[in-house]
Amino acid sequence: ISVLHRVLADLWEAPAAVGVWIWYRMLVWQHRASARHALQRMDDRLLNDVGLRREQINAEASKPFWRA
């Protein structure tokens, strides 16, 4: 009976784990997209201060939100 109980408990918890994973991925993707847009809005003087070039920013901003 305890094995059956554990199997049923695992089946019950699986959708919750998937839901948490989806929620986390969406947060990561949203942060990534926001950071890329913020970098695009920076002027060249600020980019130079942080050691980046406009070409690097354009290459990063052209990536889809799901790609790191």
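**Entry 1**

I began with K63, which counts as partly exposed at 28% relative accessibility. For this term I used the cut-offs of under 20% relative accessible area for buried, over 50% for exposed, and partly exposed in between, with a 1.4 Å probe and protein chains only. I note that this is a predicted model, in which local features need pLDDT of at least 70 and side-chain atom pairs count only at pLDDT 80 or more, while totals for chains, interfaces and linings use all residues. Residues are numbered from 1 along each chain as its sequence is written, and side-chain values use heavy atoms, with hydrogens and water left out.

I then looked up the partner of K63: its side chain meets that of E60 in a salt bridge, 3.2 Å from N to O. A salt bridge here is a side-chain nitrogen of Lys or Arg within 4 Å of a carboxyl oxygen of Asp or Glu. Through shared partners, salt bridges join R36, E60 and K63 into one network.

**Entry 2: the other salt bridges**

How many salt bridges does a search of the whole structure find? I recorded five. One of them pairs R36 with E60 at 3.0 Å, N to O. R36 lies in helix α1 and E60 in helix α3, so this pair ties together parts that are 24 residues apart in sequence. Helices are DSSP runs (H or I, at least four residues), numbered from the N terminus. I found R36 buried at 6% relative accessibility, whereas E60 is partly exposed at 27%.

I also noted the salt bridge between R45 and D49, whose closest N and O atoms are 4.0 Å apart. Both residues lie in helix α2 (residues 44-49), four residues apart, about one turn of the helix. R45 counts as exposed at 54% relative accessibility, and D49 counts as exposed at 57%.

**Entry 3: R32**

I next examined R32, which is placed in helix α1 (residues 2-41). Is R32 buried or exposed? R32 is buried, yet I found no salt bridge for it. The nearest side chain of opposite charge, E60, is 6.5 Å away; Lys and Arg count as positive and Asp and Glu as negative, with His and the chain ends not counted. Leaving aside neighbours within four places in sequence, R32 is in contact (heavy atoms within 4.5 Å) with R25, F65, W66, R67 and A68.

**Entry 4: aromatic pairs**

I counted two aromatic pairs. Rings of Phe, Tyr and Trp (its six-membered ring) pair if their centres lie within 6.5 Å; planes under 30 degrees apart count as stacked, over 60 as edge-to-face and the rest as tilted. W29 and F65 form an edge-to-face pair, 5.4 Å centre to centre with 70° between the planes. This pair links distant parts of the chain, with W29 in helix α1 and F65 in the segment after α3 (54-61), 36 residues apart. F65 and W66 are likewise edge-to-face, at 5.0 Å centre to centre and 85° between the planes.

I looked up the accessibility of each ring residue. W29 is partly exposed, with a relative accessible area of 26%, and F65 is partly exposed at 38%. W66 is exposed at 52%.

Terms used. Helix = DSSP H or I, 4+ residues; strand = E, 2+ residues; numbered from the N terminus.
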